[in-house]
Amino acid sequence: MISPEIVQTLRKMKPGTHTVLIYDTPENKYDILFTHLGLGVDDSKLAYVCSEESRERIEEAMNNYGIDVKALKHRDKLVVADYDEVYINKEGKFDIPGLIGNLSYLAWDAYMKKGLPGGLR
């Protein structure tokens with residue numbers, strides 16, 4: 001269980017804020033990340049980029065935490081992507097302009113097309 005101070009900090013974070021998370025167990029990581037995502041369920045498009053674990057493992061953990069992955073994906077409010085899909089280009093290299101383009105598209109899609117005032121979280 002995360003502290004009320006951390007929840008308050010997560011509430012104050014504006015969508016699109018990039019942060020570094022330091023954790024000591026996968027459970028603590030999930031607790032913080034999924035609390036953050038849960039805060040945006042109503043007004044944001046949610047995005048999770050898998051780096052250490054598979055997409056299937058993350059989606060299972062989200063479901064176990066109470067995030068209805070299937071329903072959110074069906075409503076096009078959740079994207080769970082593999083690291084390579086977001087950060088690596090077709091030539092197999094880290095691509096900063098491509099990364100910015102991918103994330104910008106997700107944010108635009110959330111705010112403009114879907115009318116979600118919370119943008120991308």
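This tour moves through the predicted model one selection at a time, from the whole chain to single residues.

**Ground rules**

The model is predicted, and residues are numbered from 1 along each chain as its sequence is written; local features need pLDDT of at least 70, side-chain atom pairs count only at pLDDT 80 or more, and totals for chains, interfaces and linings use all residues. Side-chain values use heavy atoms, with hydrogens and water left out.

**Select the whole chain**

Begin with a cartoon of the chain, which shows six helices and two strands. These are DSSP runs numbered from the N terminus, with helices (H or I) of at least four residues and strands (E) of at least two. Read from the N terminus, the order of the elements is α-α-β-α-α-β-α-α.

Switch to a surface. The chain exposes about 7800 Å², of which carbon and sulfur atoms supply 56%; accessible areas come from the Shrake-Rupley method with a 1.4 Å probe, and for residues only the protein chains shown count as cover. Of the 121 residues, 33% count as buried. Buried means under 20% relative accessible area, exposed over 50%, and partly exposed in between (1.4 Å probe, protein chains only). Among contacts (heavy atoms within 4.5 Å) with a separation of 6 or more, 66% join residues 24 or more positions apart.

**Select residues 26-39 and 55-65**

These ranges are helix H2 and helix H3, respectively. Two packed helices are described by the angle between their axes and the distance between the axes. Here the axes come within 11 Å and cross at roughly 75°. The axes are lines fitted to C-alpha atoms, for helices over the stretch in contact, and angles run from 0 to 180 degrees between N-to-C directions. H2 and H3 are therefore roughly perpendicular to each other. In these terms, angles under 35 degrees count as roughly parallel, over 145 as roughly antiparallel, 65 to 115 as roughly perpendicular and the rest as oblique.

Now show side chains where the helices meet. H2 contributes Tyr30, Asp31, Phe34, Thr35 and Leu37, and H3 contributes Arg57, Ile58, Ala61, Met62 and Tyr65. The residues of this contact divide into seven nonpolar, one polar and two charged. Ala, Val, Leu, Ile, Met, Phe, Trp, Tyr, Cys and Pro count as nonpolar, Asp, Glu, Lys and Arg as charged, and the others, Gly among them, as polar.

Centre on Tyr30 in helix H2, which is buried with a relative accessible area of 7%. Not counting residues up to four places away in sequence, Tyr30 touches Thr35, Glu53, Arg57, Ile58, Ala61 and Tyr65. Tyr30 and Ile58 are 28 residues apart in sequence, and their C-alpha atoms are 8.8 Å apart.

Lys29 also lies in H2. Is Lys29 buried or exposed? At 6% relative accessibility, Lys29 counts as buried. Beyond neighbours within four places in sequence, the contacts of Lys29 are Leu21, Tyr23, Tyr48, Glu52 and Glu53.

**Look around H3**

Colour H3 by accessibility: Ile58, Glu59, Ala61 and Met62 are buried. They cover an arc of only 160° around the axis, which puts them on the same side of H3; the arc is that of the directions from the helix axis to the C-beta atoms. On the other side of H3, Glu56 and Asn64 are exposed. The cover over the buried residues of H3 includes H2, strand E1 (46-50), helix H4 (69-74) and strand E2 (78-82).

Select Glu59 next, a residue of H3 that is buried at 15% relative accessible area. Neighbours within four places in sequence aside, Glu59 is in contact with Val69, Lys73 and Val80. After H3 comes Gly66, whose phi is positive, near 110°.

**Move to E2: Val80**

Val80 is found in strand E2 and counts as buried at 4% relative accessibility. With neighbours within four places in sequence left aside, Val80 is in contact with Tyr48, Cys50, Arg55, Ile58, Glu59 and Met62. Draw a C-alpha to C-alpha distance from Val80 to Ala47: these residues are 33 apart in sequence and 5.9 Å apart in space.

Asp76 lies in the loop between H4 and E2. Most residues other than glycine have a negative phi. Phi of Asp76, however, is positive, near 55°. Asp76 is partly exposed, with a relative accessible area of 30%.
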